[in-house]
Amino acid sequence: MKCRYCPRPLRTKESRDRGYGPICGQKLGLIHKLTPRQQWLTTPVKPVMTGVHPGQTAIPIQPTLPKEN
């Protein structure tokens with residue numbers, strides 16, 4: 001099945017159900033683009049282990065972000 005707006009093939013079931021792919025959907029404003037914050041949430045968090053004074057134990061900090069409804 002092809003996109004109704006361009007000749008690209010639709011690869012996922014979600015795209016086939018909609019009738020258009022994510023590229024055309026974003027270009028036409030039918031699918032919202034990820035905001036910088038949403039893109040930031042998908043990146044893995046790495047613990048920071050620098051700045052530990054002698055005799056202290058390093059505790060990796062894993063921030064917990066609130067879930068959006």
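**View 1. Arg18 sits in helix 1.** Helices here are DSSP runs of H or I with at least four residues, strands are E runs of at least two, and both are numbered from the N terminus. This is a predicted model, with local features needing pLDDT of at least 70 and side-chain atom pairs counting only at pLDDT 80 or more, while totals for chains, interfaces and linings use all residues. Residues are numbered from 1 along each chain as its sequence is written, and side-chain values use heavy atoms, with hydrogens and water left out. Arg18 counts as partly exposed because its relative accessibility is 23% (buried is under 20% relative accessible area, exposed is over 50%, partly exposed is in between, with a 1.4 Å probe and protein chains only). Setting aside neighbours within four places in sequence, Arg18 is in contact with Arg4 and Ile31; contact means heavy atoms within 4.5 Å. Look also for Cys3: its C-alpha atom is 9.1 Å from that of Arg18, though the two residues are 15 apart along the chain.

View 2. Ser15 has 5% relative accessibility, so it counts as buried. Skip its neighbours within four places in sequence, and Ser15 is left with contacts to Leu10, Tyr20, Gly21 and Pro22.

**View 3. Five residues make up the largest nonpolar core: Cys3, Cys6, Leu10, Tyr20 and Cys24.** A nonpolar core is a set of buried Ala, Val, Leu, Ile, Met, Phe, Trp, Tyr and Cys residues joined through side-chain atoms within 4.5 Å. Not counting residues up to four places away in sequence, Tyr20 touches Cys3, Arg4, Tyr5, Leu10, Ser15, Gly25, Leu30 and Ile31.

**View 4. The largest pocket has a volume of about 160 Å³.** On a 1 Å grid over the protein atoms alone, a pocket is an open set of points where a 1.4 Å probe fits, with protein on both sides within 12 Å along at least five of seven lines; lining residues have an atom within 4 Å of a point. The volume is the space filled by probe spheres set on the points. Among the lining residues are Cys3, Cys6, Leu10, Ser15 and Cys24. Helix 2 (residues 22–27) gives the most to this lining, with three residues.

View 5. From the N terminus on, the elements run α-α-α. Buried residues make up 13% of the 69 residues in the chain.
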